[in-house]
Amino acid sequence: MLSNPPIDEIDLRILQHLLQDATQSHKAIGQQVHLTGQAVGARIRKLQDLGIITGYTVNWNPEKIGQVVHAFIVVFMKSNTAHQAFLTYIQHQESVVETHRVSGEGCYWMRVRVHTPLELNAFLDELLIYGNYKVSLSIGQVK
């Protein structure tokens with residue numbers, strides 16, 4: 001039985017502020033949660049040490065740099081032995097934005113961004129080494 005939970009309501013509020021805008025200063029967050037910037041920094045370090053905060057990211061617009069083709073791919077592995085080689089392959093593919101191991105339809109769901117349909121076609125041809133796929137193209141992001 002845990003005597004103290006690892007985080008409290010203030011930690012959750014700090015996390016929410018970071019999720020909204022991770023560029024906020026500790027002082028600015030502290031003003032919103034009624035702590036000093038130093039206390040917020042200590043709580044953020046605790047959240048990192050607990051593995052709750054695992055990194056920081058940037059929101060950006062891939063279309064502004066020419067990545068206009070946004071595809072969702074369901075991958076069906078051709079054999080049980082293909083998984084490790086596939087995982088190694090996708091780790092080195094910059095066009096692969098996300099990959100999830102899933103239950104249900106397929107083995108993996110991938111989100112891919114490329115510059116041209118020709119580039120997507122070449123990527124899909126390479127995927128055939130590991131299995132088959134079903135691809136859907138995004139026609140607009142709604143959220």
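User: Happy to start with one side chain: is F86 buried or exposed?

Analyst: A quick note before that: this is a predicted model, with local features needing pLDDT of at least 70 and side-chain atom pairs pLDDT 80 or more, while totals for chains, interfaces and linings use all residues. Residues are numbered from 1 along each chain as its sequence is written, and side-chain values use heavy atoms, leaving out hydrogens and water. Buried means under 20% relative accessible area and exposed over 50%, with partly exposed in between (1.4 Å probe, protein chains only). The relative accessibility of F86 is 0%, so F86 counts as buried.

User: Nice! What kind of aromatic pair do F86 and Y130 form?

Analyst: Rings of Phe, Tyr and Trp (its six-membered ring) pair if their centres lie within 6.5 Å; planes under 30 degrees apart are stacked, over 60 edge-to-face, and the rest tilted. For F86 and Y130, the centres are 5.8 Å apart and the planes 65 degrees apart, making the pair edge-to-face.

User: How many residues apart in sequence are the parts that this pair ties together?

Analyst: Helices (H or I, at least four residues) and strands (E, at least two) are DSSP runs, numbered from the N terminus. F86 sits in helix α4 (residues 82-91), and Y130 in the loop between α5 (117-127) and β4 (131-137). The pair therefore joins parts whose separation in sequence is 44 residues.

User: And which residues make up the ring cluster?

Analyst: Y130 also pairs with Y89, at 5.2 Å centre to centre and 35 degrees between the planes, which is tilted. Ring pairs link the whole cluster: F86, Y89, Y108, F123 and Y130.
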